[in-house]
Amino acid sequence: MLTIINCSGTANVKGDVLMKKDELRKTVERGIGGVPEIKASEKRKWLGEFRERVILGLTVKQCNDECSLYHAREALKDSLAEKLIVNNRMPISTISKFMKLADEMGKNFISRPEEWSNAMGIVIASSVAVDRENVDLEFDELPIKFIKLEKGKLCNDCFLELETIKAKYARTFGRITLFDKILGTKCVACKKENSCKF
Ligand SMILES: [Zn+2]
């Protein structure tokens with residue numbers, strides 16, 4: 001069954017240590033002027049979470065893309081991922097997809113209102129500091145199907161689409177030839193897009 005709300009997570013020994021580091025940092029930062037304000041806007045961006053506890057954040061725009069589910073599912077496989085928080089200003093159809101995903105992955109689902117334009121659409125977080133880098137997917141302007149692609153080849157359509165946005169990145173992929181097609185080579189972007197669908 002789906003567990004809604006409540007941020008109290010189970011903390012193992014490692015979790016306790018991380019928690020202490022997290023608390024200590026906050027205490028230290030409170031002693032330096034101005035930092036709590038930065039933390040406040042940071043928390044708004046991350047839907048009420050501290051940045052150091054975030055595993056993945058997707059923008060509202062990214063959440064409109066089917067592939068956001070793929071990225072969210074990958075992030076939820078992380079053993080430290082405890083909750084999926086959605087920004088409830090997103091359409092109910094989008095919210096319900098993430099709600100189903102949280103249920104499927106056995107993680108807590110939390111819905112929070114956040115009007116701020118820089119706020120994320122969804123955040124996947126732990127209840128302890130995890131200090132991950134690159135928690136928001138880079139190449140913000142790219143369609144999400146092209147982000148974090150495995151190495152491989154692209155079909156003509158995908159190659160041309162990517163080339164118009166990021167030519168250099170497109171060239172890091174090969175283009176599928178007729179011979180590849182005969183061999184059954186699949187486009188890595190199309191393959192990912194198909195796996196995004198429920
Ligand atoms: Zn393709």
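Reader: What should I know about the numbering and the model?
Author: Residues are numbered from 1 along each chain as its sequence is written. The model is predicted: local features need pLDDT of at least 70, side-chain atom pairs count only at pLDDT 80 or more, and totals for chains, interfaces and linings use all residues.

Reader: What makes up the secondary structure of the protein chain?
Author: The protein chain has 9 helices and 6 strands. Helices (H or I, at least four residues) and strands (E, at least two) are DSSP runs, numbered from the N terminus.

Reader: Why is strand β1 called largely enclosed?
Author: A residue is buried if 20 or more other C-beta atoms lie within 10 Å of its own, exposed if 12 or fewer, and partly exposed in between, with C-beta atoms placed from the backbone. In β1 (residues 54-58), 5 of the 5 residues are buried, so the strand is largely enclosed by the rest of the structure. For the protein chain, 30% of the 198 residues count as buried.

Reader: Why is K148 called partly exposed?
Author: K148 has 15 other C-beta atoms within 10 Å, so it is partly exposed. This residue lies in the loop between β4 and β5 (153-154). Its C-alpha atom is 8.8 Å from that of H71, 77 residues apart along the chain.

Reader: Which class does A170 fall into, and why?
Author: A170 has 18 C-beta neighbours inside 10 Å, so it counts as partly exposed. A170 belongs to helix α7 (residues 167-170). Apart from neighbours within four places in sequence, A170 is in contact with F159, L162 and E163. Two residues are in contact if their C-beta atoms, placed from the backbone, lie within 7 Å.

Reader: How do you know that β1 and β4 pair?
Author: Two strands pair if DSSP finds at least two bridges between them. β1 and β4 (residues 122-125) have 4 bridges, in the antiparallel sense. One of the bridge partners is I124 in β4, for L56.

Reader: What makes β1 and β3 edge strands?
Author: The open sheet of 4 strands runs in the order β1-β4-β2-β3, with mixed pairing. β1 and β3 each have a single partner strand, so one side of each is left without a neighbour in the sheet. From one strand to the next, the twist averages 15 degrees. Helix α4 packs on this sheet, touching β1, β2 and β4.

Reader: Why is α4 called roughly perpendicular to α9?
Author: Helix α4 (residues 67-76) and helix α9 (residues 188-196) pack at about 80 degrees, with their axes 7 Å apart. Axes are lines fitted to C-alpha atoms, for helices over the stretch in contact, and angles run from 0 to 180 degrees between N-to-C directions. Angles under 35 degrees count as roughly parallel, over 145 as roughly antiparallel, 65 to 115 as roughly perpendicular and the rest as oblique. The angle therefore makes α4 roughly perpendicular to α9. The contact is made by C67, L69 and Y70 of α4 and K192, E193, S195 and C196 of α9.

Reader: What makes a nonpolar core, and which residues touch the most other members in the largest one?
Author: Such a core is a set of buried Ala, Val, Leu, Ile, Met, Phe, Trp, Tyr and Cys residues joined through C-beta atoms within 7 Å. The largest has 39 residues, of which A72, L84, I122, V123 and I124 touch the most other members. Helix α4 supplies the largest share, 6 residues.
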